[in-house]
Amino acid sequence: MKQYNVTGMSCAACSARVEKAVSAVPGVASCSVSLLTNSMGVEGTASDEEIVRAVEKAGYGASPKDAANKPAQSGTPSWADAEALRDRETPKLKRRLLFSVPILLVLMYFSMGHGMWGWPAPKVFDNHVFLGLFELLLAAAVMVINGRFFTSGFRSLFRGAPNMDTLVALGSGASFAYSLAELFIMIIAMGEGRHDTVMKYGMNLYFESAAMIPTLITVGKMLEAMSKGRTTDALKGLMRLAPKTAVLLRDGAETEVPVEEVRTGDIFVVRPGEQIPVDGVIVKGMTAVNESALTGESIPADKEEGDTVSAATLNQQGYIECRATRVGEDTTLAQIIKTVSDAAATKAPLARIADKVSGIFVPAVIALAVLTVVGWLIAKRPFPFAVARGISVLVISCPCALGLATPVAIMVGSGVGAKNGVLYKTAAALEGAGRTQIVALDKTGTATMGEPRVTDVVPLRGDETELLTLAAALEKNSEHPLARAVTAAAEGLELPGTTEFEALPGNGLRAKLDGAELLGGSLKYLASKGLVNEAVSDRADRLAEEGKTPLLFARAGELIGLIAVADPIKEDSADAIRELRGMGVETVMLTGDNERTARAVCKMAGADHVIAGVLPDGKAEVIRALKPLGRVAMVGDGINDAPALTEADNGIAIGAGTDVAIDAADIVVMKSRLSDVTAAIRLSRATIRNIHQNLFWAFFYNAACIPLAMGLYGVEMKPMYGAAAMALSSFFVCMNALRLNLVDPHDPKHDRKGRPVSAEAVEEIAAARTAASGTERRIIRIEGMMCHHCEASVKSALEAVHGVAGATADHTAGRAEVLLNAPVDDADLVRAVEEQDYTVLGVERPR
């Protein structure tokens, strides 16, 4: 998306006009204008010159943002400078008020205080003509000071695109013109000696309204500008995090340079207490890094050689040397800022309603004002009464509240999300997340840790430490993933040396320890040695039913214990899924595992449904099947999740995922935890509620106040009161949006269930998909698989064969199943499996 700065906009009608003009340019695919940030995002092939010309033709100014024209490695991008979001409007408005208010107070003293309530004044002011001339001069001065309303308003009116400035200019101008005409009548009457006429018209002058209207609107504009400025505080805070300098190692010497000069591959050093200048990889040293600025996680993360570090995070402990991997606009911080900025430049679907209304609002109000005057004249009410009602209609109407209702809430919501490690790429993603009814979860790496770990240590002889020591002594010689899990669990223990180590593919391991034979492997392998009794077999089966792989170990012909290894559920996964259920969201776990393992993991995580045996290209099909039931969010982290993330109504990528998954997603959570997914949905719901409140206020305000100003309720509203009401309406909307800063996205206290979907319908789809078969199915009976990682090896090998759409493997059943989308020879399948050191017993072709 190419972004532009837009100048001259004053209300929602202006942004609608700009959007319409740019959308009509050939080559523009989409255009979104933000009144909040005075910016515009454009997608398409149209040139900058064509777009700028279209905006200028509509009566406004535009220029491309510098960031789009800078090379990616030029250092800190212009949009990463907080100066880009500096509030320039508030100082101008304050200066206008500094001159306007004293003059207005003098005017009000003489027009209202002296003229109506008899406050003391020099005797000359008892002359109504002199008082009128004095009021005229003061009112004219205030109108000149606030002349922007009149130049912008009448220019827009003559272009056929009236805006809020037009309403202010017409209201104030009509008050001034009407009062000026009455003043001429008074002067003529005084010359003719008709003092009663002078008195009569002297009481109907509206010069104070002509001055009060632009002054009060300026007060409202200043309050609005101040509150709008606060809505971008989170974004400005992120921009201020960008370090300004870096210390590079050049020819063995340390050199401090501006961060703009850092290039990919440079070696930079960071001492304790310093910020990391760019993204990189540690090449020397170890430390703890506070990443709360990017992830919202307050606990420092331990880092060592080979670990990645991100710009703007804080080195808290050790001295480290790092190699720069991403600089300038490519750093994680820069991408976060760009994501938040792009989200603010897009429009949420709810905003379209307000935009449509805003586009016709001002012309409708002008027509209503004219009808009000004509209507009261037809009803034989005095002309001054009719004019006052028409002016009140003009100045009380507020299109800005409509235009700001959605973007201010989106900006604040995006900022709160960024502070908590949740990035919404578009306003539609922020709005859509809150409407989620079904969450589909990829199992591996999303709900689980993504790597095997020891979960149970069951000694049958001796204690746990002894069992772990002997098991690790045997397993340390193996490269199998399960072996690495066992040796990791024994870290810190002194391991004895073994001799005559032998790996038996698909079965287990054998070695000698102090002359005694040490065995380790699957239940089947040790049972074949006559070492397993019924109790041990039952215990191993129970562990398998829990989705774990039981490993049995024996020494000197005697079974010494079991160690269970599994890909464990993340600490927060069960709580997160429980919170999703509390929000009325159905959870569906997707996995390529066999059904037995899938249901065991599903039970531990607490998911509502599970779909087992899902092939890499099958996840998107599952999402398509679920979408007719309700809005679906897909949570994933891998390359094979990208099609499903794109297919879902909202794709959510976890932070540790691949770049492909992150690019395909609509929402990115910086930490690899499911609790941030619930936070994303919770924050979205809070933002939607805030938008609804703002839109209700904007529509209610205009629906209630316009008839009041017309005099339909028997109330004779003075135009200045209408101006005061208009000034406060936009301020109210902005302040209400700022309440989102008080929302804690991780607090479930205020969760409410959304519109539910049929759990039975979801279960039917899950069951059908689990049992689904492809166009052709083959079952391969395999000997030697002993764990889930063996299953993964067989699965990957089979899926690499041309013509295989997908494969699943089950080590407990000793079989693999493949779905074909093209002719495949059985020999190719056998060869793929046996190359992984497993034995194929046969290939079946079920009907």
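The exercises below concern a predicted model.

**Exercise 1.** Which residues of α30 are buried?

Solution. The cut-off for buried is under 20% relative accessible area. In α30, the buried residues are His788, Cys790, Glu791, Val794, Ala797 and Leu798.

**Exercise 2.** Locate Ala312 and Ala556, describe the phi of each, and decide whether each is buried or exposed.

Solution. Most residues other than glycine have a negative phi. Ala312 has a positive phi, near 80°, and Ala556 has a positive phi of about 55°. Ala312 sits in the loop between β11 (308–309) and β12 (314–315). The loop that holds Ala556 runs between β20 (549–555) and β21 (558–566). Ala312 has 4% relative accessibility and therefore counts as buried. Ala556 has a relative accessible area of 56% and so is exposed, the cut-off for exposed being over 50%.

**Exercise 3.** Where does Arg96 lie, is Arg96 buried or exposed, and which residues does Arg96 touch?

Solution. Arg96 belongs to helix α3 (residues 89–117). With 16% relative accessibility, Arg96 counts as buried. Leaving out residues up to four places away in sequence, Arg96 touches Ile145, Asn146, Arg148, Phe149 and Thr218.

Key:
Residues are numbered from 1 along each chain as its sequence is written. This is a predicted model: local features need pLDDT of at least 70, side-chain atom pairs count only at pLDDT 80 or more; totals for chains, interfaces and linings use all residues. Side-chain values use heavy atoms; hydrogens and water are left out. Buried means under 20% relative accessible area, exposed over 50%, partly exposed in between (1.4 Å probe, protein chains only). Helices (H or I, at least four residues) and strands (E, at least two) are DSSP runs, numbered from the N terminus. Contact means heavy atoms within 4.5 Å.
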